[in-house]
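Student: I have a structure to go through and I am new to it. Can we take it piece by piece?

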Amino acid sequence: MDKKLEKAFNDQIKNEFYSGYLYLAMAAFAESNNLPGFAKWFKVQYKEEISHGMKMFEFLHDKGARVHLQAIPEPAFDFASVQELFVETLKHEKKVTSLIESLSDLAKKVDDKAAEIFLQWFITEQVEEEKNASAILDTLKIIKPDSAALIMLDRELGKREG
Ligand code: FEO
């Protein structure tokens, strides 16, 4: 594999694991604010991010490239509100979308067809990731804090499987 592309994949593995770490921090915040449904949602999201990183980990090995794990930055500890969790989630997912697009552009530039095709799954996944965060944020915008509606949403989010 092209060395620049290999490095970019390794950077993205770190970014995916960081995403997982960020969502786990959000789960901890929700847990400590007595919102077990929100916590469950973020714990499932954490697992998804780890699986994204692992998909890339396996892909690099399948291609005979070298995985180089990097330090994962510390995620935020405190958040202003549950609404803030989803403002940050949407912002973060938009950033990940642009990172995946840049990685895909690089795969194209170095003419690595397998990498390009592999990354198509991630491009589609990002549409879903942004849609989910945006839908929950829209609901939170019309819900008052500490209301019965927030408890209902907590129950709903707690049903997420994973
Ligand atoms: Fe790995 Fe949330 O995208």
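Student: How do α1 and α3 run relative to each other?
Tutor: α1 and α3 are roughly antiparallel to each other, a label for angles over 145 degrees. α1 and α3 pack at an angle of about 170°, and their axes are 11 Å apart. Axes here are lines fitted to C-alpha atoms, for helices over the stretch in contact, and angles run from 0 to 180 degrees between N-to-C directions.

Student: What residues make up the contact of α1 with α3, by class?
Tutor: The contact of α1 with α3 has 15 nonpolar, five polar and five charged residues. Ala, Val, Leu, Ile, Met, Phe, Trp, Tyr, Cys and Pro count as nonpolar, Asp, Glu, Lys and Arg as charged, and the others, Gly among them, as polar.

Student: Where does this model come from, and how are residues numbered?
Tutor: This is a predicted model, where local features need pLDDT of at least 70 and side-chain atom pairs count only at pLDDT 80 or more, while totals for chains, interfaces and linings use all residues. Residues are numbered from 1 along each chain as its sequence is written, and side-chain values use heavy atoms, with hydrogens and water left out.

Student: How many helices and strands does the chain have?
Tutor: There are five helices and zero strands. Helices (H or I, at least four residues) and strands (E, at least two) are DSSP runs, numbered from the N terminus.

Student: And what is the angle between α1 and α2?
Tutor: Helix α1 (residues 3–32) and helix α2 (residues 36–62) pack at about 170°, their axes 8 Å apart. That makes α1 roughly antiparallel to α2. Their contact divides into 20 nonpolar, seven polar and four charged residues.

Student: Switching topic, how many salt bridges are there?
Tutor: A search of the whole structure finds ten, each being a side-chain nitrogen of Lys or Arg within 4 Å of a carboxyl oxygen of Asp or Glu. One of them joins Lys-7 and Asp-11, with the closest N and O atoms 2.8 Å apart.

Student: How far apart are Lys-7 and Asp-11 in helix α1?
Tutor: Lys-7 and Asp-11 are four residues apart in helix α1, so about one helical turn separates them.

Technical notes: Parallel < 35°, antiparallel > 145°, perpendicular 65-115°, else oblique.
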